[in-house]
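Here is a short tour of one protein model, written for someone who is new to reading structures. Keep the 3D view open while you read.

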Amino acid sequence: MVPPPEEPIRAELFGIERLEQHAESLAAAQPVMRGAKGRSLLARVEDNGRVLREAYRVIARAIREERAITPAAEWLVDNFHVVDEQLREIRDDLPSGFYRQLPKLADGPFEGYPRVYGLAWAFVAHTDSRLDRDTLRRFVRAYQRVQPLTIGELWAVAITLRVVLVENLRRLAEALVRGREARQEADALADDVLGLDGAPADPSVTDLQWVEDAPLATAFAVQLVQRLREQDPAVTPALVWLDERLAAQGTTADDIVRVEHQRQAAMNVTVRNIILSMSLMSALDWAAFFESVSLVDDVLQAGSTYGAMDFVTRDAYRHAIEELARGSERSELEVAREATLCAQRAEAADARRHEAGYYLVGNGRPGLEDALGFRAPPTRRLLRAYIAAATPGYLGTIAVLTGVILALPLIPMAASGTGPAILLMLGLLALIPASDLAIALVNRSVGTLVAPDVLPRLELRDGVPATLRTMIVVPTLLTGRREVEEQIERLEVHYLANPDGDLRFAVLSDWADAPTERVGGDAEMLSAAREGIDRLNRRHGPAPGGGERFFLFHRRRIWNEGQQAWMGWERKRGKLHELNRLLRGAADTTFVSATGGAAVAPPGVRYVITLDADTQLPREAVNRLVGTIAHPLNRPRFDDPSGRVVEGYAVLQPRVTPPLPGGESSWFQRLSSGPSGIDPYAAAVSDVYQDLFGEGSYTGKGIYDVDAFEAALAGRVPQNALLSHDLFEGIFARAGLVTDVELFEPAPSHYGVAAARHHRWARGDWQLLPWILGRRSRAIPVIGRWKMLDNLRRTLSAPAAFLTLVAGWTMAGASPVAWTAFVLAMIALPTLPPVLAGAVPRGRGISKRSHIRAVGRDVLLAASQAAFVTTMLAHQAWLMSDAIARTLFRMYVTHRRLLEWVTAAQAKAGLRFDLRGFYRRMAAGSSSRGRRLSSRGGAGNPGPSRCPCCCCGSPRRRRRDGSAVRRVAPRRSRSLPGTRARSG
């Protein structure tokens, strides 16, 4: 039996005042039940999609056959892409977990469905499916005057409106198809009666006998009336029959034609309203709508800074309120009011305690939970217990997992009778490679279990205000006139990308090291830099509030006994330290002015953003960094007894990623600059520190609070003792990782340049040894010492892996195959988690072919990285060993050349990238490998048979189809396994 047709969702059309009254009466008449699973909407939505697609095909077929269709059908066919988009958004935006949390109606026609679904149904019915933002806002507001909606329900208004509109359109589409079928039947009958198909006319009623005694369909009757209207009833008895049937139904031919025309007109208006409403829904700012109707937002707006925060921060506050309400017996409004009361009652001088967010997402959360009687779910409590004991838990997990991995090759050896001395030797050598895999696995696990820590932020809609005046500085060396012009041009690009607000832009320059205080060309380069800055000031005018917008702060050389050279004092660290003092009025810095007197800096600078010479600063990055560090919860609190920042952050580190490799990039650059590349600098720092410990690691590019930064580092570092200072500074100033702000910096295009940089990093890392083991370590927290120690561990990774191979092949009782497999596994396995994570498609609409290609590229990248690390293992072992030995000798014997450093451009200029230059750089590693082979009696050329293009920098053309460009994985606020906390 065919089910009766469903009527369109259409009721009496209400004006705005009547609609508000209806919303209030509806709220009073709708009891809800919480925690119920309810009835599913998605099954009906899927069926609606199937019916609509079939209706589209039927109408499109009629158009191809050049048959007449109604205006409503035209609206549906012409705008079906809008309908299809709504169906896709419903599937994507209504996850089952979110749907289960929505309060369900306890009785009535929508029993078991979400309360907000009944609300959306009433709005659509009484507006004839016409969406108006202000009308919807007033309707929802009126409903909440009687019964407040939850945060989840307010977000679900948009999706349930889509569901109801699709439901209404489905009913109208079915009516369109039924009407079309009825008209086709009427046409066929009229053709038989009138003899239009080549058959003789049959004016009798014999062809009407198949029509049942049920009431005639309106569309059928109207079409038949229109086809037979001009016929003589005496000649065509079918007309008499039709009139008799209509009279039996209590109507006439004229009345039914008028009713059908009215029905089609109404259907046309409703379909048009639905299509236009769907289009408007895709363009409407639903976040702004949500905040205009949210009662929780009204409560939080009472705070002085809530309205000034960006949307992500406000949404984080609301998520916290939802969680607290679910775990307590309080409503969301009660939770919001309690948080604001806690902020109002706070008597502490610390401004962060007067912010409601301190109790929602900050350190005041435990106190608010106690006041509310909040009880977290068991899994949440376990995770909190792990985070509360993060330092012993994290380090202990790494230790246990390292032991398990190390036991895999050692236990079979012990069972075979290998002596304890050999086992101890192999265990010590394999400890570092085993820890590489253990840390990669732990970091991946923590990144999966712990939610990303996104720092709260002020929005700064009108740009950086004068009270937060910020200076963007680029420390650099003046090495040539062309380099000076390039740096001036980059400074202008930084300004053009971030022109809003009270900002100043400066170049912090030194001359290169020299045997004398002045050398030829110094004056010319300095003059060119000053001319470039003057040109920028003339071109772009004064800064807000008056004064120059662009500055050049150049330092004179001073004699450095340890380096035996004339150079800028303490290099970059000294440059920034002297700038900070200059910003606070010091007159005894080594900066020189054009007039010969003391340099002068603009007053009132509160924050400094420091960039490297080749760093790219994207649009709005400055506003977002300043807004983050200026948020009350992020402002630093300096602790005098410990001499460091203990709450908030004095320095923030954004993500630093390489731009997409272009057509001129080398294979090495493509290999090392991916999201999971072998270059740890590519991802700046592992997010696990921020997510688990609440603080990240500073890598030298970011924003810092001038006063707090200087207070935390006052008297910390002896002169000529520290080359890599960034990690050290971030520990005392407390660095935060801003994962949603990204800077771009190109990766080295040649292995030789990268190797030189890693050598410098290793030297800088080992200079921190006195702060790890000496008396100075007592002032550093455990996790800070672990970051330093982890960097030392990484420098030992290649030498330890190489020596493990040597021991595995030379020691009695050791299995060369087993230990070779162990080392290769330690190299290859850390590259696999990103591949496994991308093996399962995360979204709909991805073709199998595209997904398989993407997974194949990931597998190829991981295999290439593992092969490259294996190939360069001997050279890396020699390189790191040289850096470690050189640093220890200089620190404890000669006390000289501890600040040895060259720029990346100078390092690149000093290298040969031909085959001979490559072999010369590989000579030490190759000879080590040769000695290892000869110890086993091997023979043959130990060096590579040819120069890999990824190492010597041979250019590779980009294919026309773009397949040479690497695929960029979706960005998440998440850590990459094995990434390194850089120290400079």
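## Two helices side by side

Are α20 and α32 roughly parallel or roughly antiparallel to each other? Keep in mind that this is a predicted model. Helix α20 covers residues 420-449 and helix α32 covers residues 816-828, and the two pack at an angle of about 30°. Angles under 35 degrees count as roughly parallel, so that is what α20 and α32 are. Their axes sit 9 Å apart.

Who does the touching? From α20 come L426, A430, P433, A434 and L437, and they meet W819, F822 and M826 of α32. Sort the residues of this contact by type and you get eight nonpolar, no polar and no charged.

## The sheet

Now look for the open sheet, which is built from eight strands with mixed pairing. Walking across, you pass β8, β5, β4, β3, β9, β13, β12 and β14, in that order. The edges are β8 (591-592) and β14 (735-744), each of which pairs on one side only.

At the β8 end, β5 (residues 550-555) joins β8 through two bridges, and these strands run antiparallel.

## Strand β3, wrapped up

Is β3 largely enclosed or left open by the rest of the structure? Strand β3 spans residues 470-478, and nine of its nine residues are buried, so the strand is largely enclosed. In a regular strand, side chains alternate between the two faces of the sheet. Here both faces are covered: T470, I472, V474, T476 and L478 are buried on one side, and M471, V473, P475 and L477 are buried on the other.

What about its neighbours in the sheet? With β4 (residues 503-511), β3 pairs in the parallel sense over nine bridges, and L477 has D510 as its bridge partner in β4. To get from β3 to β4, the chain goes through helix α21 (residues 481-497), making a right-handed β-α-β crossover. Strand β9 (residues 607-610) also runs parallel to β3, joined by four bridges; there, I472 is partnered with I609.

## Helices across the sheet

Another helix to spot is α24 (residues 621-629), which lies across β3, β4, β9, β12 (651-657), β13 (702-705) and β14. Relative to β14, α24 runs at about 170°.

How values were computed: Residues numbered from 1 in each chain as written. Predicted model: local features only at pLDDT ≥ 70, side-chain atom pairs only at ≥ 80, totals over all residues. Heavy atoms only, no water. Buried < 20%, exposed > 50% of the residue type's maximum accessible area, 1.4 Å probe, protein only. Pairing = 2+ DSSP bridges. Right-handed = clockwise from strand over helix to strand, strands pointing away. Axes fitted to C-alpha atoms, helices over the stretch in contact; angles between N-to-C directions. Parallel < 35°, antiparallel > 145°, perpendicular 65-115°, else oblique. Contact = heavy atoms within 4.5 Å. Nonpolar A, V, L, I, M, F, W, Y, C, P; charged D, E, K, R; others polar.
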